[in-house]
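Reader: I would like to learn how to read a few features of a protein model. Please take me through them.

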Amino acid sequence: MDLVAPVVVEPLRRRRCSECLRGPLERMVVEFNALVCLDCADLGHLVFLRRGDTALTRRAREGSTLWAVVVRHNRRRTRYERQGLLVEEAALARAEAACLADAEARARRRARDAARRAAGDVEITATLRAEILRLFPSCPGDRATEISEHASAKGSGRVGRTAAGRSLDRGAVTAAVRASVRHVDTPYDSLLMRGVPRHQARTRVAPAIETVLRAWRHGAEDTRGPGRG
Ligand SMILES: [Zn+2]
């Protein structure tokens, strides 16, 4: 089947997401003439790789189940110009390892690690991780870490950074876990890559997600049980 990489646009003007209303957006997706942010478009887990290093770009793209093309409109030339790709971070790390002889790739990797450390608020991340493991006791520890780091990234506006996240709303925490399961434990990203519309792909993988969530919840207190509020 042909792969159709999603196209991500760097807007020239200040834009907001039509679904979560977050903004202004650094990058966005145009869906049925509506603008949505990368998180709402389920591309928020991907990292940006600026064009320039051909070998690194090719390796990172080939290693990513889902990747997207990032473009910006050039008014003077009246055309969209490719800025780079959004790729999976693990694929980028593998690509960088493969290009290890290339000192620039190492510098980029260090810069990204430093940026992630600076962005992550240790306390919020730890609180969120504990809440994930309370709600999903059988969730693997490294996954809980990954989900909480992603959700609490500074400036992301994600669950860990919203009012709902600070009070650790159960629904918001569950939504963050569900999003991770969708990308990691289901063929969702492959479906998007094959051009299946987001909502249709979501419906298709919903049962698989619930199966994983049920397994991870195993051992959780049943708060809906008799005699409980
Ligand atoms: Zn959004």
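This is a predicted model: local features need pLDDT of at least 70, side-chain atom pairs count only at pLDDT 80 or more; totals for chains, interfaces and linings use all residues.

Author: Residues are numbered from 1 along each chain as its sequence is written, and side-chain values use heavy atoms, with hydrogens and water left out.

Reader: Where is Leu25 found?

Author: Helices (H or I, at least four residues) and strands (E, at least two) are DSSP runs, numbered from the N terminus. Leu25 lies in the loop between strand E1 (7-10) and strand E2 (28-31).

Reader: Is Leu25 buried or exposed?

Author: Buried means under 20% relative accessible area, exposed over 50%, and partly exposed in between (1.4 Å probe, protein chains only). Leu25 counts as buried because its relative accessibility is 12%.

Reader: Which residues is Leu25 in contact with, leaving aside its neighbours within four places in sequence?

Author: Contact means heavy atoms within 4.5 Å. With those neighbours set aside, Leu25 touches Pro11, Arg15, Arg16, Cys17, Val36 and Cys37. A distance can also be given from C-alpha to C-alpha: Leu25 and Leu38 are 8.9 Å apart in space and 13 residues apart in sequence.

Reader: How many salt bridges does a search of the whole structure find?

Author: Side chains of opposite charge can pair when their charged atoms come close. A salt bridge is a side-chain nitrogen of Lys or Arg within 4 Å of a carboxyl oxygen of Asp or Glu. The search of the whole structure gives 14.

Reader: Which residue does the side chain of Arg198 meet in a salt bridge?

Author: Arg198 pairs with Glu19, at 2.9 Å from N to O. This pair links distant parts of the chain, 179 residues apart: Arg198 is in helix H9 (residues 198-217), and Glu19 is in the loop between E1 and E2. Arg198 is buried, at 5% relative accessible area, whereas Glu19 is partly exposed, at 41%.

Reader: What does the side chain of Asp39 meet in a salt bridge?

Author: Asp39 meets Arg22, with 2.9 Å from N to O. Asp39 is in the loop between strand E3 (34-37) and strand E4 (46-50), and Arg22, 17 residues apart from it, is in the loop between E1 and E2. Asp39 is partly exposed, at 22%, and Arg22 is partly exposed, at 26%.

Reader: Which residues are linked with Glu26 in a network of salt bridges?

Author: The network joins Glu10, Glu26, Arg27 and Arg72. Within the Glu26 and Arg27 salt bridge, the closest N and O atoms are 3.7 Å apart. Glu26 is exposed, at 59% relative accessibility, whereas Arg27 is buried, at 13%.
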